[in-house]
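Me: I'm new to this one and would like to learn how to read it feature by feature. Could you walk me through it?

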Amino acid sequence: MDGPFAGITLAELGRRLRADDTDPVELVDRALAAARAAQPVGNAFVRLDPDGALAAAGVLRAELARGADRGPLHGIPVAIKDVVDTAGLITTMGSRHFAGHRPARDAEAVARLRAAGAIIVGKTTTHEFAYGPTGDRSANGPCANPHDARMMAGGSSAGSAAAVAAGLVPLALGTDTGGSVRIPAALCGVVGLRPSYGRVPTTGVFPLSWSLDTVGPIAATVADVTLAWAALAGAAPGPTPGHADRPPSTLRLGVPTDGWFDQVDGTVRAAVGATVERLVALGASVRAVEVPDAGELVHLYRTVQAGEAVAIHVDRMTNAPELFDPEVLERLRAAAQLPAWEYARSLRRLHQLRGEAPHRLAGLDALVLPTVAVLAPPLGARTGDLGGGWTSARDALLAFTAPWSVLGLPAISVPVTGRRPGELPIGVQFVGAPGGDENLLAVASAAEPAT
């Protein structure tokens with residue numbers, strides 16, 4: 001938790017770079033050294049790219065010296081989830097199936113980060129093929145939670161969230177199908193954004209479920225995530241006109257209150273409840289919102305994801321099943337039993353519900369609820385008493401994130417605890433209207449001081 005980038009915002013790093021108090025090469029050296037030192041315990045990285053990162057840092061240092069400035073990410077070290085292609089740098093999807101695989105070109109999201117001046121320092125641990133919310137099934141081993149190495153970092157973007165939380169890098173890239181950015185962000189105590197479906201290109205990202213996959217940034221603050229999102233989405237950097245510096249008193253929030261969202265660990269409930277109460281005290285308007293189809297949404301998520309995951313992996317399942325992690329293979333084989341009619345009917349229903357999604361937030365800026373219903377479970381845990389009545393780790397981790405993935409909504413996790421030694425983090429999740437990423441980021445920024 002004491003890495004070189006802990007407690008330092010992208011804005012402060014940018015100030016230091018432009019004041020000649022540091023330079024891109026020095027920042028990369030710090031990131032590489034910290035990642036190496038933390039690796040034996042945390043396992044946040046699959047591999048580092050010292051040669052490529054230092055070469056890029058030298059170019060970017062020279063650009064700054066002659067007055068060429070690419071913007072807020074110029075010279076910033078960034079880590080990339082190991083399902084996202086990086087030209088010439090091994091990308092394994094966390095699987096022995098792709099050991100030694102070197103993509104010929106960058107994923108579009110990586111290309112946009114590089115164009116904005118970001119420096120790729122390495123690839124982070126992912127649950128194999130991003131097929132799991134626990135983050136502890138990968139060919140390179142489990143990724144530990146930096147707050148307590150006995151606990152999960154969450155998945156599937158485990159290494160990206162853990163690397164930012166530990167201060168190894170100030171920014172990382174993840175993917176989110178049913179919660180794979182938000183879950184590890186919540187469990188590790190950082191900010192993670194799932195953009196609206198289709199807002200950030202997924203070209204060059206190994207798919208888990210093409211109807212649900214998104215690419216999103218992870219950083220320590222909402223402001224830092226906003227800067228990264230602007231680069232990824234091709235938006236202008238900085239606050240969006242009309243949404244900047246929004247005070248909490250202007251927020252109109254909805255709290256899902258039906259039975260699905262009542263199953264919450266007591267510590268999580270108290271922390272998120274206290275956050276909502278503070279926002280109300282600051283003048284925010286909060287009302288209850290019914291989500292009577294939450295169970296159906298989670299069922300649709302499981303069905304669509306299962307059908308598409310099998311379609312992606314069926315040849316590998318047939319030709320080289322021994323190369324899979326046993327648990328991942330078991331899940332894929334179970335998914336292969338899904339009838340084609342059920343997948344087709346669920347996909348049709350998903351598109352119907354997405355068309356109706358804007359009505360769900362009528363009169364509201366965002367929904368507010370826990371990101372994850374429980375505290376970080378122990379590494380390897382699958383069943384047992386996890387708190388709040390949950391006995392399945394996978395179900396508990398996905399329950400409050402998957403519904404919004406089905407609807408294609410943008411959602412962001414912001415930490416509300418986890419700042420004191422020994423305290424496991426808890427995240428509050430804000431969910432916005434489809435395509436309303438700018439407004440969602442403004443809401444999260446307005447709420448962040450109260451967390």
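This is a predicted model: local features need pLDDT of at least 70, side-chain atom pairs count only at pLDDT 80 or more; totals for chains, interfaces and linings use all residues.

Me: How are α7 and α14 turned relative to each other, roughly parallel or roughly antiparallel?

Reply: The angle between the axes tells you, and over 145 degrees counts as roughly antiparallel. Helix α7 covers residues 222–233 and helix α14 covers 437–447; their axes cross at roughly 165 degrees and come within 9 Å. So α7 and α14 are roughly antiparallel. The crossing of α7 past α14 is left-handed.

Me: What is the angle between α2 and α3?

Reply: It's about 155 degrees, with the axes of α2 (residues 24–42) and α3 (residues 50–65) 7 Å apart. That makes α2 and α3 roughly antiparallel, therefore. As for handedness, α2 passes α3 in a right-handed crossing. On the α2 side the contact uses P24, V25, V28, D29, L32 and R36, while α3 brings P50, A53, L54, A57, G58, L60, R61 and L64. Class by class, the contact of α2 with α3 splits into ten nonpolar, one polar and three charged residues.

Me: And α9 with α10: at what angle do they pack?

Reply: Angles of 65 to 115 degrees count as roughly perpendicular. Helix α9 (residues 294–319) packs on helix α10 (residues 326–335) at about 115 degrees, and the axes are 9 Å apart. Therefore α9 and α10 are roughly perpendicular to each other. The crossing of α9 past α10 is left-handed. From α9, the residues in the contact are Q305, A306, A309, V310, H313 and M317; they meet L329, R331, L332, R333 and A335 in α10. By class, the contact of α9 with α10 holds seven nonpolar, two polar and two charged residues.

Me: Now single residues. Is I183 buried or exposed?

Reply: Check the relative accessible area: under 20% means buried. I183 has 0% relative accessibility, so I183 counts as buried. You'll find I183 in helix α6, residues 182–188. Setting aside neighbours within four places in sequence, I183 is in contact with P133, G154, G155, T371, V372, L397, L398 and T401.

Me: What about S346: where is it, and which residues does it touch?

Reply: S346 belongs to helix α11, residues 340–356. With a relative accessible area of 5%, S346 is buried. Not counting residues up to four places away in sequence, S346 touches L300, T303 and V304.

Me: How many aromatic pairs does a search of the whole structure find?

Reply: Two aromatic rings pair if their centres lie within 6.5 Å. The search of the whole structure finds six such pairs. One of them is F261 with F400, a tilted pair with 5.2 Å centre to centre and 50 degrees between the planes. That pair links distant parts of the chain: F261 sits in the loop between β9 (252–256) and α8 (266–281), F400 in the loop between α12 (393–398) and α13 (402–406), and they are 139 residues apart. Accessibility is 6% for F261, so F261 counts as buried, and F400 counts as buried at 0%.

Me: Which kind of aromatic pair do F261 and W404 form?

Reply: F261 and W404 are stacked, at 6.0 Å centre to centre and 10 degrees between the planes. This pair links distant parts of the chain too, because F261 is in the loop between β9 and α8 while W404 is in helix α13, 143 residues apart. W404 counts as buried, at 1% relative accessibility.

Me: Which residues form one aromatic cluster?

Reply: Look for F98, F129, F206 and F324, which form one aromatic cluster.

Conventions
Residues are numbered from 1 along each chain as its sequence is written. Side-chain values use heavy atoms; hydrogens and water are left out. Axes are lines fitted to C-alpha atoms, for helices over the stretch in contact, and angles run from 0 to 180 degrees between N-to-C directions. Helices (H or I, at least four residues) and strands (E, at least two) are DSSP runs, numbered from the N terminus. Angles under 35 degrees count as roughly parallel, over 145 as roughly antiparallel, 65 to 115 as roughly perpendicular and the rest as oblique. A crossing is left-handed if the near helix is turned anticlockwise from the far one by less than a right angle, and right-handed if clockwise. Contact means heavy atoms within 4.5 Å. Ala, Val, Leu, Ile, Met, Phe, Trp, Tyr, Cys and Pro count as nonpolar, Asp, Glu, Lys and Arg as charged, and the others, Gly among them, as polar. Buried means under 20% relative accessible area, exposed over 50%, partly exposed in between (1.4 Å probe, protein chains only). Rings of Phe, Tyr and Trp (its six-membered ring) pair if their centres lie within 6.5 Å; planes under 30 degrees apart count as stacked, over 60 as edge-to-face and the rest as tilted.
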